[in-house]
Amino acid sequence: MRVDVVTIFPAFFDVLEVSLVGKARGSGLLDVRVHDLRDHTRDRHRTVDDTPYGGGAGMVMKPEPWGEAIDAIVADASAAPIFVFPSPAGEVFTQATARELATAEHLVFGCGRYEGIDERVFTYAASLGRVRMISLGDYVLNGGEVASMAMIEAIARLIPGMVGNPASLVEESHEDGLLEYPSFTKPASWRGMDVPDVLLSGHHGRVAQWRHAQRVERTRERRPDLLPSTD
Ligand code: ADE
């Protein structure tokens, strides 16, 4: 998978090198390219924003640098990309979104700052590929960088070959609508707290039953919105 990121803070993405994504980059499964939006400005001050038409607070990102950055990425792309613009005004990112985007050949993340990006940039991107406006959740970040990083990690670990043990993908939170069961390792007793007996029993059927019950209980307690409604 190829992932391009356009941002005014390329340094944010340095940490991708040291994470799971860094390993995948080395193995050729994932090709991440980070671009500085300011490299596509033409003025001495490398201006990327301006005041909004119609007035109002804050600044809006100018369309010209975005247009050039997008053109440069698309010029050496083999397939029409999916453009992802992180925004608190987008659809909410879920594991299902990650699964869907993990099948894409080419993703382009456009990280907005300030009050947003000139709306015509989205229309232009839509003429070159699919456009998704995606929110990480119902809160406001300073820009799209942290949101992009979270999405890239969630997507990249679903690419076949990225996670050492694919079975670990199956039983985790959100894969089947339930939260994950609690985990324990040695020692069996620690600071007066004992690992539940059933996990030491060696009885696979009972372990599976207990874990399922724990998942349902946890989901009911912490995320009742994930369970089918009973009314
Ligand atoms: N940019 C600012 N806030 C955001 C959010 N909640 N999700 C994605 N991008 C954002």
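1. Leu136 touches Pro86, Phe93, Ala147 and Ala150, leaving aside residues up to four places away in sequence; contact here means that the C-beta atoms of two residues, placed from the backbone, lie within 7 Å. Leu136 sits in the loop between β7 (130-135) and α5. Helices (H or I, at least four residues) and strands (E, at least two) are DSSP runs, numbered from the N terminus. Leu136 counts as buried because 20 other C-beta atoms lie within 10 Å. The cut-offs are 20 or more other C-beta atoms within 10 Å for buried, 12 or fewer for exposed, and anything in between for partly exposed, with C-beta atoms placed from the backbone.

2. The model is predicted: local features need pLDDT of at least 70, side-chain atom pairs count only at pLDDT 80 or more, and totals for chains, interfaces and linings use all residues. Residues are numbered from 1 along each chain as its sequence is written.

3. The ligand is surrounded by Pro86, Ser87, Pro88, Ser135, Leu136, Gly137, Tyr139, Val140, Leu141, Gly143, Gly144 and Ala147. A residue is near a molecule if its C-beta atom, placed from the backbone, lies within 6 Å of it. The largest share, three residues, comes from β5. By class, the shell has seven nonpolar, five polar and no charged residues. In this scheme Ala, Val, Leu, Ile, Met, Phe, Trp, Tyr, Cys and Pro are nonpolar, Asp, Glu, Lys and Arg are charged, and the others, Gly among them, are polar.

4. The unreviewed UniProt entry lists Gly112, Leu136, Gly137, Asp138, Tyr139, Val140 and Leu141 under "binding site". Those positions are given in the numbering used here, feature names are shortened, and annotations may be inferred rather than shown by experiment. Val140, like Leu136, belongs to the loop between β7 and α5.

5. The largest nonpolar core holds 38 residues, of which Val3, Val21, Val84, Phe109, Met151, Ile152 and Ala156 touch the most other members. Such a core is a set of buried Ala, Val, Leu, Ile, Met, Phe, Trp, Tyr and Cys residues joined through C-beta atoms within 7 Å. At least two residues each are supplied by β1 (2-7), α1 (20-27), α2 (63-75), β5, β6 (106-110), α4 (120-126) and α5. Helix α5 gives the largest share, six residues. In soluble globular proteins, nonpolar side chains tend to be buried together.

6. The domain assignment gives domain 1 (2-164) and domain 2 (171-226), with bounds taken from an automatic or database assignment. The C-alpha centres of the two domains lie 37 Å apart.

7. The peptide bond from Lys186 to Pro187 is cis, with omega near 5°, and Pro187 lies in the loop between α6 (167-170) and β8 (189-190). Arg46, in the loop between β2 (31-36) and β3 (49-50), has a positive phi near 50° although it is not glycine. Arg46 is partly exposed, because 14 other C-beta atoms lie within 10 Å. Arg191 likewise has a positive phi, of about 50°; its place is the loop between β8 and β9 (193-194).
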